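Please keep the sequence and the structure in view while reading.

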Amino acid sequence: EIGEREILEVSVLGNNVIVKGKDFEKEFLFDEYVNDLCKTCKIRKPPLVSKFPDLYVGECEEYSDIVDDFTDIEEFDSKTPEEKWEYITDALSVCTRCYACREACPMCYCSLCFVDQNKPIWFGKTTDLPDIIVYHLIRAMHMAGRCVACGACSLVCPMGIDLNLINRKLEKIVKERFGFTSGLDPDTLPPMVDFKMEDAEEFMLEED
Ligand code: SF4
Ligand code: SF4
Ligand code: SF4
């Protein structure tokens with residue numbers, strides 16, 4: 001609606017986003033344009049104030065725990081494993097492996113991403129479904145306990161894939177199994193980069 005006109009000022013008033021330029025002023029409904037994850041976000045002010053007193057601006061807050069009922073993924077969670085697999089594979093089948101999601105992600109800062117490695121080659125370079133799934137599975141493992149649910153990956157996906165669903169599901173699993181929320185405690189390693197001998201491993205199956 002704004003086209004190539006230059007935006008000079010943006011403000012939020014109630015449920016409206018007001019955008020002003022040289023010769024125009026437009027109002028947009030906040031709910032229709034805001035990132036979906038902003039609607040479910042429970043950490044609306046910068047945390048860790050006491051640990052990094054010189055590194056923040058504006059209003060901050062200390063959080064001891066985050067109460068999140070994950071109602072936004074309730075419908076997905078109510079599906080059977082088979083239905084979930086069908087839903088996810090169907091959603092990801094249009095992925096072109098452009099890697100815009102990785103490029104936009106603040107947690108994807110590896111100097112050499114696994115998708116660009118050729119020694120070893122972790123998986124094929126095609127857009128066949130198995131290769132697409134492997135990309136998203138491995139990236140999801142890298143994000144578990146590190147994703148801060150900023151929503152950037154979903155926002156930039158040219159194919160409109162709802163990556164938020166995967167990220168929120170990861171967040172929920174990490175919270176339920178390890179009581180960990182990403183970004184709240186710089187002194188505790190995220191579960192997937194830490195290992196303890198007493199870690200629960202009921203998912204390991206023993207051979208008969
Ligand atoms: S941005 Fe979308 S299309 Fe591109 S790799 Fe990520 S999920 Fe696939
Ligand atoms: S939502 Fe998570 S995976 Fe997506 S860009 Fe943000 S930090 Fe990265
Ligand atoms: S997908 Fe994994 S390996 Fe690639 S940049 Fe992100 S965290 Fe690093």
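What follows covers the basis of the values, then salt bridges, then a charged surface patch.

The model is predicted, so local features need pLDDT of at least 70 and side-chain atom pairs count only at pLDDT 80 or more, whereas totals for chains, interfaces and linings use all residues. Residues are numbered from 1 along each chain as its sequence is written, chains are lettered from A and ligands numbered from 1 in the order in which they are written, and side-chain values use heavy atoms, with hydrogens and water left out.

**Salt bridges**

- The whole structure holds 13 salt bridges, each defined as a side-chain nitrogen of Lys or Arg within 4 Å of a carboxyl oxygen of Asp or Glu.
- A network of such bridges links Lys42, Asp68, Asp72, Arg168 and Glu171.

**The pair in helix H2**

- Aspartate 36 and lysine 39 form a salt bridge whose closest N and O atoms are 3.4 Å apart.
- Both residues belong to helix H2 (residues 36–40) and are three residues apart, about one turn of the helix; helices (H or I, at least four residues) are DSSP runs, numbered from the N terminus.
- Aspartate 36 is partly exposed at 48% relative accessible area, and lysine 39 is also partly exposed, at 42%, where buried means under 20%, exposed over 50% and partly exposed in between (1.4 Å probe, protein chains only).

**Arginine 102 and its partners**

- Arginine 102, which counts as buried at 11% relative accessibility, meets glutamate 103 in a salt bridge of 2.9 Å, N to O, while glutamate 103 counts as exposed at 58%.
- Arginine 102 also meets aspartate 116 in a salt bridge of 3.0 Å, N to O.
- Because arginine 102 lies in helix H5 (residues 100–104) and aspartate 116 in the loop between H5 and helix H6 (129–143), this pair ties together parts that are 14 residues apart in sequence.
- Aspartate 116 is partly exposed, with a relative accessible area of 40%.

**A negative surface patch**

- Glu82, Glu83, Glu86 and Asp90 form a negative surface patch, a term for residues with over 30% relative accessible area and no salt bridge, in which like charges are joined within 9 Å.
- Glutamate 82 lies in helix H4 (residues 81–92) and counts as exposed, at 59% relative accessibility.

How values were computed:
Patches are made of residues with over 30% relative accessible area and no salt bridge: like charges are joined within 9 Å, nonpolar side chains (Val, Leu, Ile, Met, Phe, Trp, Tyr) within 5 Å. Accessible areas come from the Shrake-Rupley method with a 1.4 Å probe; for residues, only the protein chains shown count as cover. Lys and Arg count as positive and Asp and Glu as negative; His and the chain ends are not counted. The place of a charge is taken as NZ of Lys, CZ of Arg, CG of Asp or CD of Glu. Helices (H or I, at least four residues) and strands (E, at least two) are DSSP runs, numbered from the N terminus.
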